[in-house]
Amino acid sequence: MGATVGDDHQADGMFSVTVTEKEVVAAVLPVQEHWLPLSNLDLLLPPLDVGVFFCYKRPPSSTTLTVTSSSPATNPCNFRSMVGVLKKAMAQVLVSYYAFAGEVVANSVGEPELLCNNRGVDFFEAVADIELEELNLYKPDDSIEGKLVPRKKNGVLAVQATKLKCGGLVVACTFDHRIADAYSANMFLVSWAETAQSKPISLLPSFRRSLLNPRRPSCLDASLDSMYVPISTLSPPKEPAPGADHLVSRIYHVKADDINQLQSLASSKGNRRTKLESFSGFLWQLVAKYCALKHDDIVKNNRACTKISRMGIVVDGRTRLSSVPEKSDVMGAYFGNVLSIPYGGKTVRELIENPLSWVANEVHDFLENAVTREHFLGLIDWVEARRPEPAVAKIYSGGGDNDGPAFVVSSGKGFPVSKVDFGWGVPLFGSYHFPWGGDAGYVMPMPNPAGNGDWVVYMHLLRGQLEFIETEASTFFRPLTCNYLLHASSN
C-alpha cells in the first residue's frame, strides 16, 4: 500500500510510519448473522473510539513461533512471523468475541445496534523509521496518535502492527466504546494473547443483554438527573477563542513510595482512603490551584475561586450487580459497558484551602452512593424512561457559566499489560490512549508492566494545567521515558 502517516522530521522527535499492507481478518468459523441490541448502559456512550497500544522489545534470536497449524514451531521470530501469529489468533478469538467483528448500524428509531455479520477486523501492517528507545511516550499526541494507533474507519475494531527499526514491535487497537468498556477490551486482549500461545481462553465473554434489563415496574431516582442529561438539552459547543488553551495528552510515571505517601496524607482520623481516592483528590487540588493562579485569584480573591470545579470517577458496576446470586458468575464475563460516572463539585477555594484529607473524604463521599447495586439498576431504569432520546454523562459535556475545570479519572488498575504476551515476551510498555473529545479532561492511572508498584498515568488535560502540574508536582509526576521502562524491567 505504501501509505505514509505523518511527514514530520525525526530530528524534532518525530518520525514517519508507512502502512505496507491492509487485510480484513474475520472469524475463522462462520458466524450466524444476527442483531445484538445495545444495553441501556451502552446507550449512554456517544460514538467514541478508544485506543490501546503495547510496545515490545526485539525478541531474542532463539525465539520461535508457530504461525500455522501445519508448520512446526521452528519459524524465526521476525516481523512476518509475529504478524502471522497475531492474524491467526485474531481469526480464532473472533469466534468467541464476535461482537468485535461486526458493525454498528442505526435501527428504525435511530438507536445504534450491533449487526453481528463477521464483517471482520481491519488489520494494518506498518513500518516506522524509529527505534523503540527513541519513541517519545511522554507525548503520545506526537508519537502515538494517528501513527501507531490506527484510525478506525469501518467496523468495531481496527488493529495495527508496526515494525520498528530496532526489530521491536508495537501492537495497537482502536475500538468503538459503545460496544466495549475497558474491562471488556482487557478480556479480549488477554484472550487474544492466550490464543496466540495455543492456550485455552481463560474467560469466555457473555453477551447476555438480559442481565441489564430494566426493572418492571421501574424505579426512577431523581438524583440521576444531575449526573446524566439528554443530549437534546445540551447547548451547542462554543467555538474556542483565538489562542485558547486546549486539551493535550501526556504520560507520566509515579513511584510506588510516592503513591503510598500520598495515601497516608489523604487518610486521617482513622478514615483510610484508597490509593485512587487519594490520587484523585491530589489531582483535583492541583487543577483547582491552577485555575486560581491563572486568574491571579489567590491574592485578589476574585471570581475564579467561586467557580465550581468538578471531578468524576468511572465506576465499573460488575461487582455491584454480582451481589445478585443468579448474576454472580456471568457478570464477571459480561462483555459491554457497565459503567457510571458519578462526580463531585466543589468551589476552587474549598479545594485549595482545605487539606488533602478533606478533599479525599469528599471524593469518597460522592463515590459511596454510586458503588451500589441500586445505583446501577436505577441508571438502567433512567435510560429506559428516556429512550430513544440519547443521553450522556453530564461531566463529559461541561456546564454553565460558573463552571470551573472538570475532569474524569478512570482506574486502570485492572489493565492486564503483563498478560498480553503473544509468544515473544511481555510488553515493555502498554497504555490506553483516549483523547475522548469531551470538554472535560480524562486521566487513567495504570500499573507499571514491571509489577513493581509504580504507576503509569495517561493524562488528557489542558496544556496549561499539565505545565502547572509538572512544575508544582515535579517529583510526583515524572515524564515517562524508555530509559525508565528499560531500567524498571531489568530490576
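**Briefing on the predicted model**

Helix 5 is mostly covered, since 16 of its 20 residues are buried, where buried means under 20% relative accessible area, exposed means over 50%, and partly exposed lies in between (1.4 Å probe, protein chains only). This is a predicted model, in which local features need pLDDT of at least 70 and side-chain atom pairs count only at pLDDT 80 or more, while totals for chains, interfaces and linings use all residues. Residues are numbered from 1 along each chain as its sequence is written, and side-chain values use heavy atoms, with hydrogens and water left out.

**Overall fold and surface**

- The secondary structure of the chain comes to 12 helices and 23 strands; these are DSSP runs numbered from the N terminus, with helices being H or I of at least four residues and strands being E of at least two.
- For 491 residues a compact globule would have a radius of gyration near 23 Å, and the chain agrees with this because its own value is 23 Å; the radius is taken over C-alpha atoms, and the globule rule is 2.2 Å times the number of residues to the power 0.38.
- Along its principal axes, the C-alpha trace of the chain spans about 70 × 60 × 50 Å.
- Of the 491 residues in the chain, 54% are buried.
- Among the contacts in the chain with a separation of 6 or more, 78% are between residues 24 or more positions apart, a contact being heavy atoms within 4.5 Å.
- The chain exposes about 20,900 Å², of which carbon and sulfur atoms supply 51%; accessible areas come from the Shrake-Rupley method with a 1.4 Å probe, and for residues only the protein chains shown count as cover.
- The chain has 46 positive and 52 negative charges, and their mean positions are 2 Å apart; Lys and Arg count as positive and Asp and Glu as negative, without His and the chain ends, and each charge is placed at NZ of Lys, CZ of Arg, CG of Asp or CD of Glu.

- Lys289 lies in helix 5 and is partly exposed, with a relative accessible area of 28%.
- Lys289 and Ser340 are 51 residues apart along the chain, and their C-alpha atoms are separated by 27 Å.
- Helix 1 (residues 79-93) has 15 residues and reaches 21 Å from its first C-alpha to its last, close to the 21 Å expected at 1.5 Å a residue.
- Helix 1 is largely enclosed by the rest of the structure, because 12 of its 15 residues are buried; among them are Phe79, Met82, Val85, Leu86, Lys87 and Met90.

- Pro427 lies in the loop between strand 19 (403-409) and strand 20 (429-433), and at 4% relative accessibility Pro427 counts as buried.
- Not counting residues up to four places away in sequence, Pro427 touches Phe54, Cys55, Tyr56, Val417, Val420 and Pro449.
- Pro427 and Ser489 are 62 residues apart in sequence, with a C-alpha to C-alpha distance of 9.7 Å.
- Ser489 lies in helix 12 (residues 482-490) and, at 38% relative accessibility, counts as partly exposed.
- Ser489 touches Lys57, Leu428 and Ala450, with residues up to four places away in sequence not counted.
- From Ser489 to Phe188 the C-alpha to C-alpha distance is 25 Å, the two being 301 residues apart in sequence.

**Backbone geometry**

- Most residues other than glycine have a negative phi, and most peptide bonds are trans.
- The peptide bond from Arg387 to Pro388 is cis, with omega near 5 degrees, and Pro388 lies in the loop between helix 10 (373-386) and strand 18 (391-393).
- Asn118, a residue other than glycine, has a positive phi near 55 degrees; Asn118 lies in the loop between strand 8 (112-116) and strand 9 (121-128), and counts as buried at 19% relative accessibility.
- Ser198 is not a glycine, yet has a positive phi of about 60 degrees; Ser198 is found in the loop between helix 3 and strand 12, and is exposed, with a relative accessible area of 68%.

Definitions and conventions: The expected span of a helix is 1.5 Å times one less than its number of residues.
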